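Happy to walk through this one with you.

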Amino acid sequence: MDSLWFSDICGHHVSPFTMLDFDQSCHRKHGFSLENKLVFGRKLYKQALTIARVVSPSQLAIVPSPDKEPVDPDQNHVAWTSVKQERWEGELVVQGEIPLWLKGTYLRNGPGLWHIEDYNFRHLFDGYATLVKLHFEDGRLIAGHRQIESEAYKAAKKNKKICFREFSEVPKHENFMAYVGDLSKLLSGSSLTDNANTGVVKLGDGRVVCLTETQKGSLVIDPNSLETLGRFEYSDSLGGLIHSAHPIVTDAEFLTLLPDLLKPGYLVVRMEPGTNERKVIGRVNCSGGPAPGWVHSFPVTQHYVVVPEMPLRYCAQNLLRAEPTPLYKFQWHPQSKAFLHVMCKASGKVVTSVEVPLFVTFHFINAYEEEDEDGRVTSIIADCCEHHADTSILDQLRLKNLRFFKGEDVLPDARVGRFKIPLDGSRNGKLEAALDADEHGRGMDMCSINPAYLGKKYRYAYACGAQRPCHFPNTLTKLDFVEKKAKNWYDEGAVPSEPFFVARPGATEEDDGVVISLISEKNGGGYALLLDGSTFKEIARAKLPYGLPYGLHGCWVPKK
Ligand SMILES: CC1=C[C@H](O/C=C(C)\C=C\C2=C(C)CCCC2(C)C)OC1=O
Ligand SMILES: CC(/C=C/C=O)=C\C=C/O
Ligand SMILES: [Fe+2]
């Protein structure tokens, strides 16, 4: 087996990058308009003063505090253990058969490094991004991984401490003035992370971009070497600091949502392949609450963009805190209600905004239009991995909880939440389970579909479910929305990552293809797994020479 091992991840690499350059380029590229900056600035400044008044200095963590999350040596599942080396590549021995039609590279992104020196991070989403590849060709499989060289990662390695605001981690300040100085950097976004640890997408023009919740965390990578090529600079002047971590990407377009925290709402924007310029399709104003709901993802149909307004809303006050709240940068506002807005893609008009039952979701699965016999669209169906309007899943994803499993069944229940949005002017939409959640052990997240069915009526989805007792989704599940049944794959003690569907070229059946997943094993090992998309039975697996940490979302780069 060919393999290349590079330096240890905590090695003393010195980066030529300086904080000063970084600040300046952020001001240039990611600043709000001056007017917005002033309004936002005043808002933030007021909130900072309020926090400073009500929160004690130790809560602000102005004084460097000791490690928050000691690692229990008995609870060291490889899924939640930092990757040991920056980079590896090699061919794997395949058991079973990889179909010869499978030609291309599966890429998977995710947080894979959860410590700097002896400081351990708190939350799954804080980790520095590790990109994994599985290159399939002629029945063979070349695997590899590499750390994404974000400025946040490079600065942390160089300075041996966190230098940017991550999901829950905030750089520690020496004194109060340094804390106040850092707040001003929030305005330009220069203190926010560019740690692109959430997803990876292939644009219509072939560029491959890793993403997270911050706009500056859009980094272009080389899908073969996994090298970080640089920041994806949005050339428009739409400004803002955050976006949906899951744009809708096809060969024809890139659609995303830009939440507006100042005047609560969302811009729906579109970018053409070959350009870096997002253009506004339209704007949705929030129907309730002090801030927009978190939009980690959103669904589209063929003609509409569905903009979800969750009662789990962004919270500028929590953004300013140095110590995380149980809901991190968010706040739960049940009284503000939940809404779904439907925007026509062609005109940018909001065709309806309906109130729906309260919900919590990270991931929408798909959406489609329902028509009457005259071909008129009567309603929209939108499916998501829904957590019974319970935000506790966010805290369950703390590393302390993930690293502690003594057999108790503590994973909160989830289901496929199916929204029905009427387009006849009714004010309310419905939310029900698309199938009995016991079919998938009442665990539900990390979904994929056959991309040819994006925005269209579909039958199958692939996701992670649960075999209980468990504390994290631990099965791969194929959902059949017609039969209302699920097929489940399970390997005791293993943590599988998002099942990713790749269609067989020329297929006519929706589930004709393979499902790829990377498995972190309980014995510290790991393997790449291939299931048949139709039978959901294993067709091949290939052991990695080392276990990989858990990862989030992937994409497919077909061989040209
Ligand atoms: C996965 C995964 C990663 C991730 O979030 C990462 C960051 C840095 C998020 C930051 C923020 C928010 C979530 C809300 C608004 C402020 C901001 C700090 C940008 O989220 C994931 O789900
Ligand atoms: C891992 C996860 C969400 C990831 C967001 O991108 C959820 C797991 C359980 O529901
Ligand atoms: Fe996600």
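Q: Which residues come nearest among the 13 around ligand 2?
A: They are His-296, His-363, His-387, Asp-445 and His-553; a residue is near a molecule if one of its heavy atoms lies within 4 Å of it. A word on the basis: this is a predicted model, where local features need pLDDT of at least 70, side-chain atom pairs count only at pLDDT 80 or more, and totals for chains, interfaces and linings use all residues. Residues are numbered from 1 along each chain as its sequence is written, chains are lettered from A and ligands numbered from 1 in the order written, and side-chain values use heavy atoms, with hydrogens and water left out.

Q: What makes the pair between Asp-445 and ligand 2 a polar contact?
A: A polar contact is a pair of N or O atoms within 3.5 Å. A polar side-chain atom of Asp-445 lies 2.8 Å from an oxygen atom of ligand 2, and for His-553 the distance to a ligand 2 oxygen is 3.2 Å, so both pairs meet the definition.

Q: Why is His-553 called buried?
A: Buried means under 20% relative accessible area, exposed over 50%, partly exposed in between (1.4 Å probe, protein chains only). His-553 has 5% relative accessibility, so His-553 counts as buried.

Q: Why does His-246 count as buried?
A: His-246 has 17% relative accessibility, and therefore counts as buried.

Definitions and conventions
Polar contact = N/O pair within 3.5 Å; in protein donor to acceptor, adjacent residues only side chain to side chain.
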